[in-house]
Amino acid sequence: FGFIPLLIYVLALAFPHIFSGSFTIAAILTASTLFLLGALKSRFTEQNWAISGAQMLAVGSLAAIAAYLVGQFLSGLA
């Protein structure tokens, strides 16, 4: 699942004229992958698939925001 968001960048190397908005596409693929992973998790936790998918998407989004903010803070120190 971790490779799916990176797939667009691999394809952009091969076909740069087709994949110009790589970041936006990668963000959409990341969100979709997180939701799908959460929905699949529901098969083992007996939780509603939509709630499980939304929780995974929320946690992943918060982790991405936290990583971005830490990176911004650390880049300000240099």
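Helices are DSSP runs of H or I with at least four residues, strands are runs of E with at least two, and both are numbered from the N terminus. By that naming I found L6 in the segment before α1.

I noted that residues are numbered from 1 along each chain as its sequence is written, and that side-chain values use heavy atoms, with hydrogens and water left out. The model is a predicted one, in which local features need pLDDT of at least 70 and side-chain atom pairs count only at pLDDT 80 or more, while totals for chains, interfaces and linings use all residues.

Entry on exposure. I took buried as under 20% relative accessible area, exposed as over 50% and partly exposed as in between, with a 1.4 Å probe and protein chains only. L6 counts as partly exposed because its relative accessibility is 47%. F23, which lies in helix α2, has 64% and therefore counts as exposed. G38 is also found in helix α2, but its 0% relative accessibility makes it count as buried.

Entry on the nonpolar patch. I looked up the patch formed on the surface by F3, L6, L7, Y9, V10 and F23, which together have about 600 Å² of accessible area. Such a patch takes residues with over 30% relative accessible area and no salt bridge, and joins nonpolar side chains (Val, Leu, Ile, Met, Phe, Trp, Tyr) within 5 Å; a salt bridge is a side-chain nitrogen of Lys or Arg within 4 Å of a carboxyl oxygen of Asp or Glu. The areas come from the Shrake-Rupley method with a 1.4 Å probe, and for residues only the protein chains shown count as cover. Helix α1 (residues 7-14) gives the most to this patch, with three residues.

Entry on the loop. I placed E46 in the loop between α2 and α3, where E46 has a positive phi of about 60° although it is not a glycine. E46 counts as exposed because its relative accessibility is 76%.

Entry on distances. L6 and A64 are 58 residues apart in sequence, and I read 15 Å between them in space, C-alpha to C-alpha. For G38 and S75, 37 residues apart along the chain, the C-alpha atoms are separated by 32 Å.

Note on methods:
Patches are made of residues with over 30% relative accessible area and no salt bridge: like charges are joined within 9 Å, nonpolar side chains (Val, Leu, Ile, Met, Phe, Trp, Tyr) within 5 Å.
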